[in-house]
Amino acid sequence: MSTPSSPSPRGSGRGKRVTIADIAARAGVTSAAVSLAVNGRPGVSDATRARILEIARELHWEPSPSARALAGAPVLSIGMVLARPAEVLGNEAFFGAFSAGLQDVLSAQDYSLQMKIVQSVEAEIDTYRRWFAQRRVDGIVMVDLQLDDPRIPALEELGRPALVIGGPGHHGTLPSVYVDDALATRLIVEHLAGLGHQRIARVAGTRGYHHTAQRDDAFLAVCAERGVTGTLHEAGFGAVGAARTVTELIASDAPPTAIVLDSDEMARAGAHVLQESGIAIPDQVAIASYEDSPLARMHRPPLTAIGRSAVEYGRRAAHRLLELIEEDRVSRRGGGAAGAGLASGAEGDAPAGAAGGPDGPEGAPAHPELRAIAPELLIRASTDPDAATDPLLLALDEASAAAPSETTVDRG
């Protein structure tokens, strides 16, 4: 009576994990030969390599992340740490869309995105150090660039691939991609001034962030150019601060005729305050947002907003970071300068970043800035009553008008 053969090892499920030794036994070669074959290294014939790879596929073999890390191979993971309250992140449209764009590109290259929420910048820096020391990530996406940012020198010291989201400037010797917030501000203010507004208030997020400060500075400069009164009001990110600030503005002796807010959530909160106070939008006070979203488009009235695809922004950032990781890998293998310091220019709208500029000392390696997305102003009824109505809103209005009205049945 023959004894049934034991099942082949599988790479998934509850059975034994497939190892290089299993593949070697099946192929009749040494484990060293399998290692050369699966890692794409010379030392085995093409026929042997093809046979080994076919057996690896049949057995559903997957390389061990820890083994890849020990061998110096990419661990196929990108890290992003967010030092913001979870409630704020959950209500913001930007980070979800930006992360989706990152993951869209990373997934196509078999990379994963590792995210973590922490309570402080210090905890964020500690996470970067631990991730790189433990070989858990190949590179870092750093968001929420600050004016005097302690994360920049920490990442420079680590010398590993890291991409700053934000700029221009203030990113040290690290490469960056950014959206032109100064141009976005000019588009909003010139639009409102062109409609005749003479008192414009900007309800801003936290001043310490680079993009907030850039918007503030550009806002005051463009208001001065156009001869209108512009006032700044720091509310912090989120609906509560925005609602409180707008409430104070409309109760002031000289209330603004237009209000610009830093996010779609803040703009919707401000619009709600105006409507609850009986103030007509835009006839009495116009509202505009720096961030567009489906909720901004579906608002009544639809909110004028800066259009900049956060998904596409994430895609551009992912492509750039993958370039940096590959450049770092080639540099280390070739014995050149380690780290992301060999980053070269990438395709984009406005590369910049000469050595010896305000971010780095003379002779420091140049790290180009890349303007990832050019902003555009999407004019809607919250600032211009004659703006075209979104086709989806028209369709919803038509469907609502066609729906039968509710009737009350007297069952007495």
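Predicted model: local features only at pLDDT ≥ 70, side-chain atom pairs only at ≥ 80, totals over all residues.
A pair of aromatic rings is described by the distance of the centres and the angle of the planes. The count for this model comes to 5 aromatic pairs. One of them joins Phe94 and Phe98, whose rings are stacked, with 5.5 Å from centre to centre and 20 degrees between the planes. Both residues belong to helix 6, which spans residues 93-108, and they stand 4 residues apart, or about one turn of the helix. An α-helix has 3.6 residues a turn, so residues three or four places apart point the same way. Phe94 is buried, as is Phe98.

Phe98 also pairs with Tyr313, and here the arrangement is edge-to-face, at 5.5 Å centre to centre with 75 degrees between the planes. Because Phe98 lies in helix 6 whereas Tyr313 lies in helix 14 (residues 310-334), this pair ties together parts that are 215 residues apart in sequence. Phe98 and Tyr313 are both buried. Taken with Phe95, the residues Phe94, Phe98 and Tyr313 are linked by ring pairs into a cluster.

## Arg84 over two rings

Arg84 is placed over the face of Tyr209, at 5.1 Å from the ring centre. Arg84 also lies over the face of Phe237, where the value is 4.6 Å from the ring centre.

## Helix 3 and its two sides

Helix 3 covers residues 46-58, a run of 13 residues, and from its first C-alpha to its last it reaches 18 Å, close to the 18 Å expected at 1.5 Å a residue. Its buried residues are Thr48, Arg49, Ile52, Ile55 and Ala56. These residues cover an arc of only 130 degrees around the axis, and they are therefore on the same side of helix 3.

On the other side of helix 3, the exposed residues are Asp46, Ala47 and Arg57. The buried residues of helix 3 are covered by elements that include helix 1 (20-27) and helix 2 (31-38). After helix 3 comes His60, which has a positive phi, near 55 degrees.

Note on methods:
Residues numbered from 1 in each chain as written. Heavy atoms only, no water. Phe/Tyr/Trp six-rings, centres within 6.5 Å; stacked < 30°, edge-to-face > 60°. Buried < 20%, exposed > 50% of the residue type's maximum accessible area, 1.4 Å probe, protein only. Lys NZ or Arg CZ within 6 Å of the ring centre and 35° of its normal. Expected span 1.5 Å × (residues − 1). Arc of directions from axis to C-beta. Contact = heavy atoms within 4.5 Å.
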